[in-house]
Structures are given as C-alpha cells and as structure tokens.
Amino acid sequence: MGLGESVPIGNPLFRCLRMTCLLAVLAGCASGPVSDEPAATDAEPGSPPPSGPVLRGKEIGKSFMASALGGYRFYTDEDVGATVRAIGHDIAVAAGVDPDSYHFFVVENPQANAFAIPGGYIFVFDGLLRRLGDEEELAGVLAHEVAHVTHGHFFKDQKKVTAVDLMAAAAILLGRSESVAAVSLAGAASMQLAYSRDNEREADVAGISYLYDADYAPGGLVRFFGVLRQQAHLVLPKNQYTYLSTHPGLEERYDRVERMIERRGEGPAPRDPGRWQRLQAGLAARAVDGRVPGEGTFEKGYAALRAARLSRARPLLEQAVRESPESAMALAALAECLVRQEDAAAAGMLERAQAADPQGASVHFWQGEWHRRRGEADLALAAYERAIALDDELSMAHFRLSQLLAEGPRAPWGRFHLARYLRLTLKPGQAVQVLGEIDPAGDEVLQRGINHQLQTLEEEGV
Ligand SMILES: [Zn+2]
C-alpha cells in the first residue's frame, strides 16, 4: 500500500478471483477466440497441431493477464506502480496509440527482466527497476517494449498460440517454470519466446523515436544496455527466460542505438529526479532479505515512512527538509509523517508542501487525511477530490471518497470510487461487480464514467 494503511477489503474474495482467472483461461479454450482478425487455421505442413483452439491479438493478452493475476505479486502503490504507469502513458501517447489500451505492471521478481504481451500488456520486474539508475533508463525500456506491441512482434508463430501455451508462457516469463511441467513446457517452447534480431532492431528504432517525441533523453536506453551487460555472464536454470534470452543481439543493439543518438542529438535534458527518487524509495520500503534503502537522509526517512516506522522517519525527514528546504518531495513526506502522527505541526507543513508543488496530488490526499482525522468531513471530501483531479490513479483517495459518499444523494458516486479503487489495486473482478450494481439514476456523467471503466476493464481481460 503506497499510502501506508491497510484497507478492509476481503481477501477471500481475491482468492476467489484467482480461481476465476484460472477458470477463465480454461474457459477460453472451450469458447474459442473472439477476434476481428481473419481466422488462422493454415498451420504449416509438418508442424505439430496446436493444442486447443487458437487465440489471437487482444485475446492472448487477456488470457496471459488472467494467468498472471492468478499467482504473482504486483506493485499497485503510488510510488512504484503509478510511476511506471505514468511513464508508460507518456510513451504510448508519443507512439500515437490510445494510452488507455496499454497496461503497465510491476511484478515482484528479483530478475532484471521486462517483456510485452500482445494486446498492450507490459510487465517490468522490480529486479530490473532496482538496477536502473534513472527515469530515462526506464523510459528506454518501456519505449522498446511498447514498440514490440505497436509492431506486432510476438511469439514466432502467433497463429498457433493457445490458452494452455499461454499458461505455460506466463509461468516461464514470470519465473515460475517449476510449476509448468504439468501444463506443457513443449507447447511454450514451441512458441519461441524470443524475438528475432530484426524485431529487436525495429523496436529500438521506433522506441528511440517515441523517446524523443515523449521528451525523454534517449541515452537512457544505452545505459540500460550497460545494466544488461552486467548480467550477461549469469548462468540461469533451464527454462528460465531473461531479458537477454528474449531480446537477443545486445552488442549490435548497443552500437546501433549509440550511433542513432549521435546522429539525432542527445535530446531533452534529464528530468527532475524527484519522481525517480520516490520510486526507488518505494522499492526500498518493500525490500526484503536485508537489502538496505538508499544512503541519503531523505531515502532513509522515506523508506521508514513507507514501512510505517514513524518515529524513525520523522527526524530523518526533518533533517532532509533542513538540508533542502525547497524540496517538494521532502516537504510532502514530512507533512505525511506529521499527519500520521496526528501532530498539530502537520497543518503548516501541508501548506508548505502545497506551495512547493501545487500539482502534487498526494499532498492533497494527506490534507484530506488531516481533515478526516479531525472529523471535518466536508473539507476532507474537497481535498480528496482535488487529489483525484490531479491524479485519477490515486487509489486511496478513491477509497476515502467511497467511504465519505457511502450515504446520501451521492452514494452512486461513492460506489463508482470504490470500483476505481478496486481496479487500481488489481481486483478487476470485484470492480466489474460493483460497477454493474450502480444505479446512475439519470446522471449522465456517472453513466459515461461507468461505461468507460467497464470498457477498460474488459480490455484488461477480466
Ligand atoms: Zn526487444
């Protein structure tokens, strides 16, 4: 939870959802593909017949997603999950595609890997995020993956992809190959999970273009190759796919991309490192097995804050504010800490944080928390609404609105915010259920919102 509070949403339901997802994959076998694309039944002579009806395009993405949701931990918080989504969104806009139909996920997995699945599903492992040095490197990875989707580069023979293969592929790509034996390793292997070198070249060329258009310095992609070189010598267990095994030709890619950037210029200046710092602090807060947070005062304080160790966080954050009195990040983190300690100094610190960054959505969220804890419901409501106007993906603000609006004339909106919260915390089945039960009572804006959410959830493959 990015905002550090546990939320009373039933876990048993989520377990149900996992079961439903697995069943959905299997049901996909029985009901067959739904697609506008021409039927592809022309298997090459001599190749083994596909096991079960073939899936295509968006169906592949949906089935894969259903398998992935069933057993992996994702980051849904504001620090890590939302930052990756925001950068991915910029890249999708630059690529000229509908950003709402691209879905970015951060998987908890120590490998340095990232990959894309047809339909616009892009997965990044936290093992990769922990090794990257800045936002430009991440933008480089995402631009390359988005380009694989826009160019339709996928499994060697996409005409033969079945739901069963996808379950195996999900297990392999997401690092659970030991669980695939019963499914069909052979099926997954026949999909050839690696891109061709031509695909790699195309994705790099297009990806670099997206980076320039989205205003990210493209040199990040080159630095990312440096990160990959460091893991090139690693020996991996059989049937494990890494970034290097699915994206071949590192050395030639390195040289080619460097030459392209030399010709086109370095592009925009590096971004404000604030967002990246927050992402890394979010990762550090989730760190296990003895990994330590970053060395800076702010990083240590922020990690302590995320781990709800408030009395440790406060002096570190106070020091960080003394060191950089203008830093919006440090001010916002200290304000959050004071609100959570219910310290009267919170009011002044919230004001300072808002003055330093008027567009900072999470400060408005914490302003709402401050009012809520003091029983000032109307002021809290207004603050949460400001937070969402600035960042509609702030899941906890949606959750609070669902609580505050639970009774009274705006109750249908309360249910709508609950659905937004459920979707953003990756409980899509529950989100659809809640949306389906809302009676918009003639409110056209709400009806449009419901329709849009249902459509997006449908695309994400519930
Ligand atoms: Zn690639």
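Two residues count as in contact if their C-beta atoms, placed from the backbone, lie within 7 Å.

A word on the ground rules. Numbering runs from 1 along each chain as its sequence is written. The model is predicted, with local features needing pLDDT of at least 70, side-chain atom pairs counting only at pLDDT 80 or more, and totals for chains, interfaces and linings using all residues.

Next, select residues 1-51, where pLDDT is below 50 and the model has 61 contacts beyond near neighbours in sequence.

Switch to cartoon view and you will find 22 helices and 4 strands. These are DSSP runs numbered from the N terminus, with helices (H or I) of at least four residues and strands (E) of at least two. Among contacts with a separation of 6 or more, 62% join residues 24 or more positions apart.

For the last stop, select H17 (residues 361-373) together with H19 (residues 395-404). Their axes come within 10 Å and cross at roughly 35°; axes are lines fitted to C-alpha atoms, for helices over the stretch in contact, and angles run from 0 to 180 degrees between N-to-C directions. Show the side chains of Phe365, Gly368 and Arg372 on H17, and of Met396, Ala397 and Arg400 on H19: these residues make the contact.

Key
pLDDT is the predictor's confidence in each residue, from 0 to 100.
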